[in-house]
Amino acid sequence: MTTDFARKGLKKLVVGSMLTLSLAMPLQAMAESDGSTIAVPLRTVSESIGAKVTWDATKQRATVSRGGFELTVTIGDNIATVNGKQLTLDNTVTKVDGKVIVPLGVLNEALQVQMDWNENNGLTIHSTDTVTLGSYFVQLIVSGKYTEARVMLSSDLQKVLPEATMPIILDLASSYGSFTELIAVQQEKTKVHHNVHLTYMTNQSIPVRLSVRFDDQNKVDDLYIAPATPSTYQHPSYDNADLYTEEEVVVGEGAVAVPGTLTLPIGEGPFPSVVLVHGSGASDRDQSIGGYKMFRDLAVGLAGNGIAVLRYEKQTHENPLKISMHPNATVKEESIDDALRAVDLLKSDKRIDSNQIFVIGHSQGGMLIPKIIEQDKDKAIAGTVVMAGASKSLEDVLSDQHKDAVDRLTKAGQPEQVIAVAKQQAAQWEQFVKILHDPKYSITNIPKGMPQGTYWWFDLRGYYPGELAKKQEGPLLILQGENDYQVPIHHLDGWKEALSARKDVTYKSYPNLNHMFVPVDEPSTGAEYSIPGNVPESVINDIAKWISKQK
């Protein structure tokens with residue numbers, strides 16, 4: 001379990017649209033007009049609209065590609081290749097201060113866009129294309145043009161992101177290094193957002209993916225940024241597509257709406273169903289990490305057993321700025337509200353048995369199961385499952401993780417510099433916990449100068465799930481991997497001790513399963529997350545059998 005959402009509050013989080021956009025380029029002095037030709041810096045202009053630029057130093061040749069369009073020019077040559085056809089230029093292609101200078105009209109023709117140049121106002125882009133707008137928005141942020149960038153934001157995002165806070169977007173991006181090249185562009189449309197995924201290489205050789213999320217008015221509604229690590233996931237053997245169908249749904253509405261997937265068994269129904277609640281961090285609907293997609297495994301596996309499953313994007317993944325910049329955001333806004341909205345969505349679906357709706361929470365989501373039950377005022381939840389949910393307070397879990405990290409690095413013989421960094425992080429965390437536990441501070445009296453996200457911690461401080469759960473009732477299944485280094489097996493004992501008086505709780509542990517419920521022969525360290533792995537069918541069958549007994 002990592003507290004990505006809250007810890008990004010302890011760091012700084014980072015992450016727009018107009019029909020006509022203006023960018024005052026710093027290279028205006030390079031632009032010159034001979035009446036019919038306007039010369040502009042090729043890479044800066046091209047990447048501003050989402051094109052990829054490659055440079056062949058040997059041949060002194062630049063190639064610009066965007067979608068199916070391509071332009072090739074060579075320094076000292078007046079011939080350009082535009083989408084396979086040669087075009088004679090009025091002047092030869094030149095280099096100024098290391099930047100390739102080309103006629104703007106050639107870029108317009110080659111990339112099928114409409115751009116203008118004004119000596120005073122710089123570049124103007126006329127477009128409603130989201131790829132153009134998304135890459136242009138990133139260029140504005142990187143150039144420090146925050147006023148222009150903020151105009152591109154949706155009204156919902158503008159509410160939580162005043163202009164003075166706009167630089168935090170660049171802060172997060174720069175933590176991976178400065179952008180050197182746009183290397184990939186992808187688009188994806190959901191029922192909530194039109195996403196433009198822009199992958200940049202940085203000067204630290206780290207590929208970074210910025211997902212610019214547009215609303216239906218072509219306004220930037222949010223932005224998610226993370227290292228561009230390829231998925232190595234492989235479908236499990238029990239994934240039989242003939243046994244289920246999947247459909248896109250929307251959980252919630254307005255500024256907090258998130259897209260999701262409803263996996264339905266083949267058959268008449270009504271079916272028992274499950275809502276999946278994420279662990280900490282900015283998780284997608286599959287809870288993807290490296291070679292794992294734990295929630296997808298659960299969805300297709302349970303659907304194959306006749307149980308419908310609803311999974312959805314977490315708020316911190318779909319709406320990271322809107323949720324993270326909210327001054328009083330808590331786990332309620334982060335996770336609990338969506339879990340209950342998902343239950344309500346299933347209740348309204350005639351294909352679902354409204355008396356058989358269950359909630360499964362993993363890691364932090366498992367810790368929150370008692371809070372979700374507490375907020376279920378209509379008693380719509382028939383039963384719950386905790387998977388690798390800590391029984392201690394979250395701040396204590398993090399303290400344990402930091403100490404364990406130091407021990408593991410030391411035993412592994414890591415360089416002293418690496419161990420020193422881990423020790424420093426542990427000390428910093430303990431200092432924060434000391435402030436968090438100081439009785440003179442509270443959620444209504446937070447110390448001045450504390451970072452964004454501190455409210456989240458004060459809201460959750462001292463929360464022991466078992467203490468709340470012992471006062472509740474209703475079928476509860478608690479599952480734990482015995483090879484879990486993030487939430488070790490002793491947490492299962494903590495649940496058993498806290499709930500010893502309850503007769504409606506079932507416990508089970510699995511000898512070699514790690515935190516993501518994937519079998520690992522060696523002691524888990526988290527490094528194995530990059531290797532393809534799946535939730536065993538035995539775990540899925542255990543959940544399915546338990547649900548069938550609750551009728």
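This is a predicted model: local features need pLDDT of at least 70, side-chain atom pairs count only at pLDDT 80 or more; totals for chains, interfaces and linings use all residues.
Q: What makes the pair of Phe-358 and Trp-546 a tie between separate parts of the chain?
A: Phe-358 belongs to strand E22, while Trp-546 belongs to helix H19 (residues 537-548), so the pair links parts that are 188 residues apart in sequence.

Q: Why is the pair of Trp-429 and Phe-432 called tilted?
A: Stacked needs planes under 30 degrees apart, edge-to-face needs over 60, and the rest are tilted. With planes at 35 degrees and centres 5.5 Å apart, Trp-429 and Phe-432 make a tilted pair.

Q: Where do Trp-429 and Phe-432 sit relative to each other in helix H15?
A: They are three residues apart in H15 (residues 416-436), which means about one helical turn separates them. An α-helix has 3.6 residues a turn, so residues three or four places apart point the same way.

Q: How do you know whether Trp-429 and Phe-432 are buried or exposed?
A: Check each value against the 20% cut-off. Trp-429 has a relative accessible area of 5%, so that one is buried. Phe-432 comes in at 9%, so Phe-432 counts as buried too. Both belong to one aromatic cluster, together with Trp-456 and Trp-457.

Q: Why does Asp-349 count as buried?
A: Its relative accessibility is 16%, so Asp-349 falls under the 20% cut-off. Asp-349 lies in the loop between helix H11 (331-347) and strand E22 (352-362), and its side chain makes a polar contact of 2.8 Å with that of Arg-351.

Q: How do you know that the charged end of Lys-496 sits over the ring of Tyr-507?
A: NZ of Lys must be within 6 Å of the ring centre and within 35 degrees of the ring normal. The charged end of Lys-496 is 5.6 Å from the centre of the Tyr-507 ring and is counted as sitting over it.

Note on methods:
Residues are numbered from 1 along each chain as its sequence is written. Side-chain values use heavy atoms; hydrogens and water are left out. Helices (H or I, at least four residues) and strands (E, at least two) are DSSP runs, numbered from the N terminus. Buried means under 20% relative accessible area, exposed over 50%, partly exposed in between (1.4 Å probe, protein chains only). A polar contact is a pair of N or O atoms within 3.5 Å; within protein, one must be able to donate a hydrogen and the other to accept it, and residues adjacent in sequence count only if both atoms are side-chain atoms. Rings of Phe, Tyr and Trp (its six-membered ring) pair if their centres lie within 6.5 Å; planes under 30 degrees apart count as stacked, over 60 as edge-to-face and the rest as tilted.
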